[in-house]
Amino acid sequence: MTEEGDGAAATSDGEAVVAAVEAVADRLEAERSYLTELDSAIGDADHGGNMARGWAAAVDATDDLDDPDPQTVCKTVGKTLMAEVGGASGPLFGGSLVFASADLDDGVTAESAVAFAETYLSKVEDRGDARVGDQTMVDALTPAVHTFKKSIETDGLSPLEALAKTVDAADRGVAFTVPIRARKGRASYLGWRSVGHQDPGATSTLYILEELLATAADALDSEIPDVDATSPTIPDDGEGAAADEEADPTAGGGD
Ligand code: ADP
Ligand code: MG
């Protein structure tokens, strides 16, 4: 996936995915105590350790692969997370990754990345039975996946612009977990006392997406795009206003 032919780094897609795994592992190690702090407020204080340990093992496992393709890397990471991380998050992150890796059969393209993201979300939903509003990783993941799909398929954004929007959407999803009540996972045992706390799994999901964006920018030798530059604008060319007037039954008449 190359955007700017001349400046693009000479990495294969498989190498880029391995680099992303390393970046995610470093980030989750750096955020280990923060994620544990979040999980100690509404869970059992192991999310930072779970993620840091799981992704460090994933780096070791992918290091052992000889010239791997993206699908093999993803499958290896998923299997390692399932084996290393117990609790709720191991099967959710790991199992979903193993399933979604099937969509990377022909490598990483904008289309296969959308399919991968959709499969990943649907597997997390299948396994955990959580939906938006349950104060889980699904609150970050759902807007992220929907935004990625729309950015690629409807708005025709470049993969990097789409990923930048995806991270922005996940960021809002993380903020959304704070004022709501947990209905799935350990935090749900707290009932209303979970209100006011940021979900750890949504937060680690955001960190993973941020690192995917940073690694993709590196692999494409590009800057991370400014998401505001690709925001939709409200039509102000008269056409939109005329259409609004037509649609408004009270426009231009009545008392
Ligand atoms: P555990 O809850 O087993 O201690 P972790 O602390 O590693 O596992 O992960 C907790 C995170 O897992 C939560 O913050 C939440 O985002 C996510 N989670 C827990 N249960 C579910 C579920 N049923 N569906 C989706 N995500 C869940
Ligand atoms: Mg926990």
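Q: If contact means heavy atoms within 4.5 Å, what percentage of the contacts in the protein between residues at least 6 apart in sequence join residues at least 24 apart?
A: The model examined here is a predicted one, and the percentage describes contacts in that model between residues at least 6 apart in sequence. Of these contacts, the share that joins residues at least 24 apart is 67%.

Q: Which pattern does the protein follow when it is read along the sequence?
A: The protein has 10 helices and 0 strands. Because helices and strands are taken as DSSP runs numbered from the N terminus, the elements can be written in order along the sequence, and the pattern is α-α-α-α-α-α-α-α-α-α.

Q: What percentage of the residues of the protein count as buried?
A: The accessible surface of the protein comes to about 12800 Å², with 50% of it belonging to carbon and sulfur atoms. A residue is called buried when its relative accessible area is under 20%, and among the 255 residues of the protein the share that counts as buried is 46%.

Q: Is aspartate 67, a member of a patch of negative charge, buried or exposed?
A: The patch on the surface gathers Glu15, Asp66, Asp67, Asp69, Asp105 and Asp106, and aspartate 67 has its place in the loop between helix H3 (47-63) and helix H4 (70-84). Since a relative accessible area over 50% is called exposed, the 65% relative accessibility of aspartate 67 makes this residue exposed.

Q: Which residue forms a salt bridge with glutamate 29?
A: Glutamate 29 lies in helix H1 (residues 13-30) and is partly exposed, with a relative accessible area of 41%. Its C-alpha atom is 7.7 Å from that of glycine 48, a residue 19 positions apart from glutamate 29 in sequence. The salt-bridge partner has a relative accessible area of 34% and is therefore also classed as partly exposed; with the closest N and O atoms 3.3 Å apart, that partner is arginine 32.

Q: How many residues apart are arginine 186 and aspartate 44, whose side chains meet in a salt bridge?
A: The N to O distance in this salt bridge is 2.9 Å, and both residues are partly exposed, arginine 186 at 45% relative accessible area and aspartate 44 at 32%. The pair links distant parts of the chain, with arginine 186 in the loop between helix H8 (159-177) and helix H9 (200-219) and aspartate 44 in the loop between helix H2 (32-42) and H3.

Q: In which helix is glutamate 118, the residue with which lysine 149 forms a salt bridge?
A: The closest N and O atoms of lysine 149 and glutamate 118 are 3.5 Å apart, and the two residues are partly exposed, lysine 149 at 28% relative accessibility and glutamate 118 with a relative accessible area of 34%. The pair links distant parts of the chain, 31 residues apart. Lysine 149 is in helix H7 (residues 138-153), whereas glutamate 118 is in helix H6.

Q: Which residues are joined into one network by salt bridges that share partners?
A: A search of the whole structure finds 11 salt bridges. Salt bridges that share partners make one network, and the residues joined in it are Arg27, Glu31, Glu210 and Glu211.

Q: What distance separates the C-alpha atoms of leucine 104 and glutamine 71?
A: Leucine 104 is found in the loop between helix H5 (89-100) and H6, and its relative accessible area of 6% is the reason why this residue is classed as buried. If residues up to four places away in sequence are not counted, leucine 104 touches Pro70, Gln71, Cys74, Ser112 and Phe116. Leucine 104 and glutamine 71 are 33 residues apart along the chain, and the separation of their C-alpha atoms is 5.1 Å.

Q: Is glutamine 135, which has a positive phi although it is not a glycine, buried or partly exposed?
A: Most residues other than glycine have a negative phi. Aspartate 129, in the loop between H6 and H7, has a positive phi near 55° and is partly exposed at 47% relative accessible area. Glutamine 135 is also found in the loop between H6 and H7, with a phi of about 60°. Because its relative accessibility is 1%, glutamine 135 counts as buried.

Note on methods. Residues numbered from 1 in each chain as written. Chains lettered and ligands numbered in written order. Predicted model: local features only at pLDDT ≥ 70, side-chain atom pairs only at ≥ 80, totals over all residues. Heavy atoms only, no water. Patch = residues over 30% accessible without salt bridge, like charges linked within 9 Å, V, L, I, M, F, W, Y side chains within 5 Å. Areas by Shrake-Rupley, 256 points an atom, 1.4 Å probe, with all protein chains shown as cover. Salt bridge = Lys/Arg side-chain N within 4 Å of Asp/Glu carboxyl O. Lys, Arg positive; Asp, Glu negative; His and termini not counted. Charge placed at Lys NZ, Arg CZ, Asp CG, Glu CD. Helix = DSSP H or I, 4+ residues; strand = E, 2+ residues; numbered from the N terminus. Buried < 20%, exposed > 50% of the residue type's maximum accessible area, 1.4 Å probe, protein only. Contact = heavy atoms within 4.5 Å.
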